[in-house]
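Reader: I have a new model open and would like to learn how to read it. Could you walk me through a few features?

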Amino acid sequence: MTEKERVLFFRRTRENRAFREAQRAGHELLLRLQSVRPWPDCPEPITQAPAAEETVVPHFLRPGLRVPSRHEVAGVMMRWLQPLVVDGEVRTCPGCGAYRDWIVFCMRDDSVWLRCRAGHETKEPGLDAAWFNRHSGPVDWFHPTLEEGVGRHRIVSA
């Protein structure tokens, strides 16, 4: 190591040490300032008691207007008209061989089921709730039973 390199090395070390000491001093000052309550320039916060005519409403919407949460329904379904490709293979119905026009169900336990036009249902282990959420749109209809939902799918797609 030459004399010039040694001078640069020690200068850099001194500068790093000075920087760390300045950081520590600034942190200690910040901690001291934060421990002082109240701040000298800030007024104390004023708490207001609720007025007599104000009432607290437990829920914003009436029960008839509320949308059920994901955990209150047995599952969510969507139409999948094009061929369904999972892991590079086109899925076909084991019962009838159909390869398009599916109803895809995502159940409460995050399992995904497929239903073909003929009514055959099969669990699809290659799909999960994350896939369903990526490909489904917003929920636009709620059905009290599975049969009503499937019936609506048949009417809309016919």
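**Reading the model**

Author: Gladly! Met 1 lies in the segment before helix 1 (3-35); helices (H or I, at least four residues) and strands (E, at least two) are DSSP runs, numbered from the N terminus. This is a predicted model, in which local features need pLDDT of at least 70, side-chain atom pairs count only at pLDDT 80 or more, and totals for chains, interfaces and linings use all residues. Residues are numbered from 1 along each chain as its sequence is written, and side-chain values use heavy atoms, with hydrogens and water left out.

Reader: Is Met 1 buried or exposed?

Author: Buried means under 20% relative accessible area, exposed over 50%, and partly exposed in between (1.4 Å probe, protein chains only). Met 1 counts as exposed because its relative accessible area is 67%. Across the protein, buried residues make up 17% of the 158 residues.

Reader: Which elements does the protein have, and in what run from the N terminus?

Author: The protein has 3 helices and 6 strands, and the run is α-β-β-β-β-β-β-α-α.

Reader: How do I read the sheet?

Author: Strands of a sheet pair through backbone hydrogen bonds, either parallel or antiparallel. Two strands pair if DSSP finds at least two bridges between them. Here, 4 strands form an open sheet in the order 1-4-5-6, with antiparallel pairing. Strand 1 (75-80) and strand 6 (121-123) are the edge strands, each pairing on one side only.

Reader: How many bridges join strand 1 to strand 4?

Author: There are 6, and strand 4 covers residues 102-107. To find one of them, look at Trp 80, whose bridge partner in strand 4 is Trp 102.
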